[in-house]
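Open the model in your viewer and keep the selection panel at hand. Each stop below says what to select and what is there.

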2 protein chains.
Amino acid sequence: MTTTLAQFGSSEYAVRNTCKVALLGFGTVGSSVARLLGARSGEHGLRLTHVYNRDVARKRVDWTPPDVTWTADIDEVLSSDVDVVVELLGGLRPAHDWVRCALRSRKSVVTANKQLIAHFGSQLLHQAQTEQQFLGFGACVAGGVPVLSGLQDGLAGDRLIQVRGILNGTCNYILTKIEKAGASFSEALAEAQQAGFAESDPTDDIDGLDAGAKLAILARVGLNAELRPQHVRCHSIRQVAAIDFGYAAELGCTIRQISTVKRIQRQIYAEVGPALVAKNSPLACLSGSQNIVVSSGEFGGDTVFSGHGAGGNPTAVAVVSDLLQAARHRANSVERHDPAASSCEVMGDPEVQQYVRFVVRDRPGILASLAAAFSRHDINVDAVLQKPGYSKSKLPFVMTLESCRKSRLTAALAEIGRFDFLEEIPLSLPILKEGPCDAFAL
Amino acid sequence: MTTTLAQFGSSEYAVRNTCKVALLGFGTVGSSVARLLGARSGEHGLRLTHVYNRDVARKRVDWTPPDVTWTADIDEVLSSDVDVVVELLGGLRPAHDWVRCALRSRKSVVTANKQLIAHFGSQLLHQAQTEQQFLGFGACVAGGVPVLSGLQDGLAGDRLIQVRGILNGTCNYILTKIEKAGASFSEALAEAQQAGFAESDPTDDIDGLDAGAKLAILARVGLNAELRPQHVRCHSIRQVAAIDFGYAAELGCTIRQISTVKRIQRQIYAEVGPALVAKNSPLACLSGSQNIVVSSGEFGGDTVFSGHGAGGNPTAVAVVSDLLQAARHRANSVERHDPAASSCEVMGDPEVQQYVRFVVRDRPGILASLAAAFSRHDINVDAVLQKPGYSKSKLPFVMTLESCRKSRLTAALAEIGRFDFLEEIPLSLPILKEGPCDAFAL
């Protein structure tokens, strides 16, 4: 069954003019941004025109558009006609000066630099407003998880009283390692370093400074509180040992590096450090290097955001999302929806594993009849499950089937429906399992 | 420790002119919107000026601003100078005509009407664009969970290939009831109706039409696919029985009403119905009437949004968030950040339960010494945990403390630090438990 439908550009913005983009820094995130812009060129009005890197000869690649200017001279970028500068240098110097200079040159700025925004966000937002430029920093917190836009836009109508989360993947990796393998802190750290999940100097991650900078940004966006990173109380995870997970388990808890900022009337409390959290809380269930943020609103209650908090591609998604907003800002367009429709088809026949529950009047040969019917439709039976203790006159059992097209299952069930041993119409349910795009074992 | 900080208006928009708001419909959501606007008046530029309801005399309340016009005549609203009309009538008629009429009168529209947007979203967005008005519908899907803004803005840079979720709280309530209490479908439904979680005619919820309309909206916003609600394959949960949960458990799964829309090249597949999902998936962990959406992007992987999917206040948060965007649209302002700062304080001394792990050279009287020290600082010991099998010369054990101020704990630990039986500096960790604002047992 296919029906022609109209396609609808919602995230493809009606940006009339091309928006010229410069990348400052071409490491993991920078090259992911360039790849994403390339993969989606034509879908949006963003065009990569400049790449700055200190050692540009070593960084240069051959797969960007041929007219991209590669340079080690920042002035060449800042004096050009680029519309948006993407700052991926990290650190405060020279990033701070260059971002200010870009805004002064009436360019919009998108940054993934959490320290820059945690320390100078207020000043830079003020400057951006004065220069009527867009300043985007969605990539600074939780990488690809759209928590800043969620707090800014989707929950703007609420009054948030707390934002809590796991904001540092390195700590989550190390603590999970200590918990699961009974490793010591230093063993777990060494493993994380070998696996590329921790840097050679892990201080910022382990002692909470990295999460603290992200928390300062969350405080500003979610709680309207200008919180300086140095006012976040940071506690190290260095002292946490395997035995603490044993005791925590006795209390129904596990231990995670938790970042919390809370508003109590006109006071703000902000803390990062290891804490006991209930085993059944979403904070405890987070795996590996993922990030999670739970916001608590006075009116809307708790809202959870989680996903990939780091890595080139997820961070690049956040950067490009901000670039699309910057482009709309420059085009002076607030439209997020483009009602122009192109066509796509509705597909009705996916392949999926199936659960089929029968209720029968038992007699010999039923399984053979059913298996033969499925086989006539090229459907393989995976397993048969039968719980004991049911009457033979109304006996329920289940067959699970290997992946097959739904149309085929429907045909097989139509044939099976004529069998006289059925007490009820069989119930078929899809079994939704982990796929390549499903990290969550759905 | 208190430090004066600047407060930062991020969700408090710099809306220069007051934006006049009319409510069409004053049921649960309508009165929540009015309360929320009242509670936050002065913080934003939104002013409630009109309330329309068919039986307005019965609906009228005394706690809205005295100058609000209450009317049963829609023309009085549509011919007034209101800036934004909030449509909370539900259903297609007369909502469709009135929304078109409002847009034609150059008013922006915010709606929580999923059927209206699922059926006529494309047409209405086109009309809004033509009239240069804002059309907001964040409240149509998952109530207070900001999933539409997350997909539209935060994940705009990705190319989404699937959106899956639990979009109907009634089904989740009924299926959880069957699972937990071994109830039959009709028993669970009757209970849901008594508890106010299901309507007297529950067809739309149970047979998937409600979730199907939401899925059509998610398809448009997340996958750019114009999907008509009638193209969503809907399967009822009526046939699911307690025994199916038993068999599902043997397969490591549970059963939930799952909505999925998936893009495979230029084809779209959309389905709502009961399905087996892995017990450890976030879909299986959702409790009660909450909603969850998991988006899968080609670049950013899986992102999870969850929270309160229904109810007056969460839905009102979504409506007011859209109103704030409408106000910015009308003020022709794209600024989400107001760098103007007011002051708040950083608080350093919250009350929290504590876990304290000691490592000691064992000898009689240690517990008494520690308990006495805590007692001198007015701290109550909650429990003592000690795992067997450790050497007496390096014996670890844990004391949990009742909620106390951190400053008091620090003072007690300073005193305890002088005891000569300590082998290591004690490790103290906060125990983060469920609070009144924490539905997730954090």
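Select chain A and show its surface. The accessible surface of chain A comes to about 16400 Å², and 48% of that belongs to carbon and sulfur atoms. Accessible areas come from the Shrake-Rupley method with a 1.4 Å probe; for residues, only the protein chains shown count as cover.

This is a predicted model: local features need pLDDT of at least 70, side-chain atom pairs count only at pLDDT 80 or more, and totals for chains, interfaces and linings use all residues. Residues are numbered from 1 along each chain as its sequence is written, chains are lettered from A and ligands numbered from 1 in the order in which they are written, and side-chain values use heavy atoms, with hydrogens and water left out.

**Chain A as a whole**

Switch to the C-alpha trace. Along its principal axes, the trace of chain A spans about 85 × 60 × 45 Å. Chain A has 442 residues, and 61% of them are buried. Buried means under 20% relative accessible area, exposed over 50%, and partly exposed in between (1.4 Å probe, protein chains only).

Now use a cartoon. Chain A holds 15 helices and 18 strands. Helices (H or I, at least four residues) and strands (E, at least two) are DSSP runs, numbered from the N terminus. Of the contacts in chain A between residues at least 6 apart in sequence, 73% join residues at least 24 apart. Contact means heavy atoms within 4.5 Å.

**The parallel sheet**

Select strands β2 to β7 of chain A. What is the order of the strands in this open sheet? The order is β4-β3-β2-β5-β6-β7, with parallel pairing. Two strands pair if DSSP finds at least two bridges between them. β4 (69-71) and β7 (135-136) of chain A stand at the edges with a single partner strand each, so one side of each has no neighbour in the sheet.

Zoom in on β2(A), residues 19-24, and β5(A), residues 84-87. They pair in the parallel sense over 4 bridges. Leu24(A) has Glu87(A) as its bridge partner in β5(A).

**Strand β11 and its partners**

Select residues 267-278 of chain A. This is β11(A); 11 of its 12 residues are buried, so the strand is largely enclosed by the rest of the structure. Arg263(A) has Ile268(A) as its bridge partner. Look at the hairpin, with 2 residues between the strands: Gln265(A) takes a positive phi near 55 degrees.

Arg233(A) stands opposite Glu271(A). Then cross to the other chain. β18 of chain B, residues 427-432, runs parallel to β11(A) over 2 bridges. Leu276(A) has Ile431(B) as its bridge partner there.

Select residues 290-297 of chain A. In this strand, β12(A), 8 of 8 residues are buried. Both faces are covered, with Ile292(A) and Val294(A) among the buried residues on one side and Asn291(A) and Val293(A) among those on the other. β8(A), residues 160-166, pairs with β12(A) in the antiparallel sense over 6 bridges. β13(A), residues 301-308, is also antiparallel to β12(A), with 8 bridges.

**Helix α14 of chain B**

Select residues 366-376 of chain B. Which residues of α14(B) are buried? They are Ile366(B), Leu370(B), Ala373(B) and Phe374(B). They cover an arc of only 95 degrees around the axis, which puts them on the same side of α14(B). That arc is taken from the directions from the helix axis to the C-beta atoms. The face turned away from the buried side carries exposed Ala368(B) and Arg376(B).

**Both chains**

Finally, show both chains. Chain B can be laid on chain A with an RMSD of 0.0 Å by a turn of 180 degrees and a shift of 0.0 Å along the axis. The two copies are thus related as by a two-fold rotation axis. Copies are superposed by least squares on the C-alpha atoms of residues with pLDDT of at least 70 in both. Select Phe305(B): its C-alpha is the one in chain B nearest the axis, 2.4 Å from it.
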